[in-house]
Amino acid sequence: MSKPSLCFSGVAYAYDEGDRKLMILKNADLSVSAGELVALVAPSGAGKSTLLHLGGLLERPQAGEISICGQATSTLSDRARTMLRRTSVGFVYQFHHLLPEFSAVENVAVPQMIAGVDKTSAEARALVLLRSLGVYERASHKPSELSGGEQQRVAIARAAANAPKVILADEPTGNLDPETSGLVFEALVALIREHNSSAVIATHDHALAKRADRVVTLKEGRVVPIKL
Ligand code: ADP
């Protein structure tokens with residue numbers, strides 16, 4: 001088994017609710033290898049988004065360690081965490097969050113330009129990604145001119161733009177009809193395999209989750225395997 005690109009070790013996280021604490025994770029472990037796709041299936045409110053935010057270094061755990069590509073993150077400064085997030089993590093959300101005033105190709109080029117790639121090279125790579133996701137013909141269109149499935153494919157291309165080692169997806173097909181969901185999920189899986197990324201995909205859809213390498217859920221603050 002190759003070295004994990006994403007590793008949670010003894011992670012704890014709770015929200016403050018006045019004088020009570022809402023415990024989400026307690027001594028949680030999760031290790032995702034390069035090229036491995038893990039589906040996270042749990043009821044609404046169980047803490048899926050929180051886990052993804054922690055993995056993407058948007059939140060800090062209250063105990064334990066989260067490592068990305070072998071780099072422990074608990075002692076890193078906010079700035080170092082931001083840099084690591086930019087270079088190593090791609091997010092896909094339920095709603096695409098594309099920039100409305102930019103075309104599809106520009107939306108995929110922007111994160112690369114923020115990472116220092118020149119515009120011509122960034123747009124060239126954006127077109128390659130859009131082609132592999134089957135939306136090359138829509139490259140010059142703005143998000144409002146794209147269907148839900150097309151918008152989500154562009155959002156996946158954007159998440160993959162900087163070839164991140166870790167891809168975190170939060171209900172990426174939650175907003176799509178079943179047929180489009182299947183196609184978009186396939187496109188996401190193909191991209192993950194091609195880039196040898198580690199991926200955690202939170203989904204309610206058991207049929208899609210079954211296509212992952214393994215399925216986990218959250219139970220009493222821990223990440224545990226389940227069979228669907
Ligand atoms: P899921 O993604 O599985 O639906 P979340 O991670 O969004 O779950 O939320 C887990 C629990 O934490 C929910 O009960 C939610 O209401 C609560 N929660 C989420 N964000 C906050 C917050 N910022 N402050 C307090 N509670 C929160």
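Reader: Does His97 count as buried or exposed, and at what relative accessibility?

Author: This is a predicted model, in which local features need pLDDT of at least 70, side-chain atom pairs count only at pLDDT 80 or more, and totals for chains, interfaces and linings use all residues. Residues are numbered from 1 along each chain as its sequence is written, and side-chain values use heavy atoms, with hydrogens and water left out. Buried means under 20% relative accessible area, exposed over 50%, and partly exposed in between (1.4 Å probe, protein chains only). His97 counts as exposed, at a relative accessibility of 53%.

Reader: Where is His97 found, and what is its phi?

Author: His97 is in the loop between β6 (89–92) and α3 (104–114); helices (H or I, at least four residues) and strands (E, at least two) are DSSP runs, numbered from the N terminus. Most residues other than glycine have a negative phi. His97 is not a glycine, yet its phi is positive, at about 55°.

Reader: Is Leu57 buried or exposed, and what is its phi?

Author: The loop between α1 (48–55) and β4 (63–68) holds Leu57. Leu57 counts as buried, with 2% relative accessibility. Its phi is positive in a residue other than glycine, near 65°.

Reader: How many disulfides does the structure hold?

Author: A disulfide is counted when a pair of cysteine sulfur atoms lies within 2.5 Å. The closest cysteine sulfur to that of Cys7 is in Cys69, 12 Å away, which is too far for a bond. Cys7 is partly exposed at 23% relative accessible area, and Cys69 is partly exposed at 35%. The number of disulfides is zero.

Reader: Are α3 and α5 roughly parallel or roughly antiparallel?

Author: Helix α5 covers residues 148–159, and α3 packs with it at an angle of about 25°, the axes being 8 Å apart. Axes are lines fitted to C-alpha atoms, for helices over the stretch in contact, and angles run from 0 to 180 degrees between N-to-C directions. Angles under 35 degrees count as roughly parallel, over 145 as roughly antiparallel, 65 to 115 as roughly perpendicular and the rest as oblique. The angle therefore makes α3 and α5 roughly parallel.

Reader: Which residues of α3 meet α5?

Author: Contact means heavy atoms within 4.5 Å. On the α5 side, the residues are Val154, Ala157 and Arg158. Those in α3 are Ala104, Asn107, Val108 and Pro111.
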